[in-house]
Amino acid sequence: MKIKIKIVFVFFSLLMGFNAVAQDPELAKIYMDQADQVYAEAKDAIEIAKDIYVQATEADTMNIRANYMAGKLFLETVNRDYSTKYFERVKKIDSKYRFNIDYLLGRGYQYGLEFEKALFHFDLYKKRLQANKSYRGGDKTSIYEVNDRIEECRNAKEIIGMPSSYTIENVGEDVNSTWPDYAPVLNEDETVMIFTSRRQEDNTNENVDKDNFYFEDIYISKRKGVTWSKAKNIGQNINTPYHDSNLFLSSDGKTLYIYSDEGNGDIYYATENANEEWSKPKPLEGRINSQGFAEQSIWVSEDGEFMMFASNRPGGYGGFDIYGCYKEDGQWKRPFNMGPEINTKQDEDGPYMAKDGLTIYFSSKGHKGFGGFDVFTSKYDTKTEKWGKPENLGYPVNTVDDEVYFHPTSDGERGYLASVREEGLGFTDIYMVKHVGDLGITAKERISKLKKTENEFVTDEELKIKKLIDSVLNISAYQVYFEVNSTDILERHESKLIDMATFLKSHQNLGIQISAFASSDGNPKYNYELSNKRAQSVLKFFKNQGIEEDRLAARGFGVLTGGSEDKSRKAEVKILDLSKFDE
């Protein structure tokens with residue numbers, strides 16, 4: 001479908017939106033005819049169709065099909081938690097309109113991090129399944145899928161209660177587009193990013209595939225300072241008129257590993273010459289590519305002597321497993337399975353080894369996660385010669401959507417991945433993940449024990465420091481309050497925070513722990529994100545005062561219960577003795 005057609009439909013949708021009148025069934029019918037036409041003839045314009053279905057529901061809230069289609073398309077695109085508004089209407093109008101309506105409601109609430117509501121609707125749907133065991137309609141969801149969703153919700157309730165010490169931010173519109181962008185790979189110094197996109201702009205093939213997205217092409221962007229250049233197609237030596245996607249970039253940025261549909265899925269590689277021209281891809285040598293099975297991700301060590309990849313070849317633990325392979329005398333040896341500590345009966349993918357050679361990052365559907373693929377990390381124990389129990393990187397890195405192909409930087413302080421987020425530009429966007437420290441939840445001893453006695457202060461300067469100590473340490477935590485929906489630090493808090501920063505400059509063994517919260521107004525997903533942004537706002541304040549980032553830790557914990565709404569919108573700031581965490 002040409003972009004001109006899209007603009008026409010967007011204009012129509014907006015025009016009709018301005019003229020909408022509440023409870024106008026005839027207007028709703030006009031919307032429905034237009035939405036059905038867009039959805040049937042141009043499914044790559046699914047967002048446009050969704051908007052028109054929403055307009056139809058606003059014109060006639062009792063139009064059951066309009067509500068169902070709006071909910072369905074929200075669930076299939078972005079802002080999936082918005083689907084619950086429309087599915088709730090469907091159920092209220094006619095609870096039998098779709099057999100699995102409670103399952104759909106459960107999914108919507110799951111995406112919105114409202115896990116208790118999700119579990120409630122999944123339980124209702126299980127009861128409907130049990131009462132209608134012979135039902136075979138197309139709107140039936142299997143008991144196995146429901147049980148998986150229930151387990152995911154139970155896991156998520158536990159995991160999200162312990163948010164990870166990471167933040168995540170969109171890398172921007174110079175890299176991302178309104179189309180799916182994913183699989184970012186970078187060289188070691190983070191000056192080159194290569195990724196896969198299904199965008200229309202600069203695509204090798206002007207047509208769409210059978211799923212109504214453009215074919216995958218590989219794009220490249222280069223960073224100068226903190227700015228990424230406008231992404232461009234990497235070129236026709238690598239991209240073809242069909243699907244082409246990248247897997248891994250060597251640390252020097254000169255060797256690019258690529259996925260090919262050949263052999264049901266093989267790994268190829270290309271090299272860049274001094275003129276920044278890429279060679280034609282060729283298949284990876286040795287026993288890496290299997291006959292009739294798929295290899296779909298790869299990581300190669302800096303010295304080129306060890307690799308990991310994912311494959312669904314026979315002999316694994318189930319689905320895609322992660323394999324390792326050593327090189328000997330210039331030849332790749334027989335690959336070996338990384339073992340049951342890493343691999344499960346479900347899919348594992350996207351392995352990446354940290355610089356220490358002992359820490360692995362990977363994505364999994366089988367370990368304890370939110371749902372779909374989550375990113376996990378595991379450390380190799382040289383004494384037991386086994387991998388440790390994988391740890392979920394937690395929220396906000398992982399969500400109910402798929403998080404795959406996490407690419408950590410060499411210093412372990414950042415990483416890149418693709419994900420569907422509410423603040424994204426379109427479908428899947430590329431994000432930078434940043435580690436913001438983990439100083440522990442509580443100090444082992446109250447920091448006030450570090451105070452000196454009055455007799456030790458003899459100079460005016462030391463007396464000034466003594467006053468700062470009294471000001472800062474005679475509280476268990478300083479409370480920074482925020483306005484509704486705001487992350488801005490109020491002026492009345494600045495002097496106290498400056499005092500704390502001044503104190504830290506005189507005591508290098510101390511650090512700051514920031515725990516931020518939100519009030520209960522707003523949905524849980526929004527509140528977790530807001531609390532994380534508040535934590536980062538305070539962290540940034542201390543950085544601007546000259547406090548080193550490795551002495552700061554910030555986390556958002558979502559809703560703070562048990563207090564008044566205005567007292568729940570806050571960040572608690574504690575001073576910790578960093579030496580206590582080295583013991």
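Trainee: In what order do the 4 strands of the open sheet come?

Mentor: The order is β1-β23-β22-β21, and the pairing is antiparallel. Here strands are DSSP runs of E with at least two residues, helices are runs of H or I with at least four, and both are numbered from the N terminus. Two strands pair if DSSP finds at least two bridges between them.

Trainee: Which strands are at the edges?

Mentor: Those are β1 (166-170) and β21 (404-408), each of which pairs on one side only. On average, neighbouring strands of this sheet are turned by 25° against each other, ignoring direction. For that angle, axes are lines fitted to C-alpha atoms (for helices, over the stretch in contact), and angles run from 0 to 180 degrees between N-to-C directions.

Trainee: And how many bridges join β1 to β23?

Mentor: There are 5 of them, joining β1 to the antiparallel strand β23 (residues 429-435). As an example, N170 stands opposite Y431 in β23. In general, strands of a sheet pair through backbone hydrogen bonds, either parallel or antiparallel.

Trainee: What should I know about the model itself?

Mentor: It is a predicted model, where local features need pLDDT of at least 70, side-chain atom pairs count only at pLDDT 80 or more, and totals for chains, interfaces and linings use all residues. Residues are numbered from 1 along each chain as its sequence is written, and side-chain values use heavy atoms, with hydrogens and water left out.

Trainee: New topic! How many salt bridges are there?

Mentor: The count is 27 salt bridges, taking a salt bridge as a side-chain nitrogen of Lys or Arg within 4 Å of a carboxyl oxygen of Asp or Glu. One of them is R65 with D36, whose closest N and O atoms are 3.0 Å apart. This pair links distant parts of the chain, with R65 in helix α4 (residues 64-76) and D36 in helix α2 (residues 25-41), 29 residues apart.

Trainee: Is R65 buried, exposed or partly exposed?

Mentor: R65 counts as partly exposed because its relative accessibility is 34%. Buried means under 20% relative accessible area, exposed over 50%, and partly exposed in between, with a 1.4 Å probe and protein chains only. D36, at 24%, is partly exposed too.

Trainee: Where is the cis peptide bond?

Mentor: It joins Y395 and P396, with omega about 15°. P396 is in the loop between β20 (391-392) and β21. Most residues other than glycine have a negative phi, and most peptide bonds are trans.

Trainee: What about the phi of N79?

Mentor: That phi is positive, near 55°, and N79 is not a glycine. N79 lies in the loop between α4 and α5, and with a relative accessible area of 18% N79 is buried.

Trainee: And is N264 buried or exposed?

Mentor: N264 is exposed, at 52% relative accessible area. This residue has a positive phi of about 70° although it is not a glycine, and the loop that holds N264 runs between β8 (255-260) and β9 (266-271).
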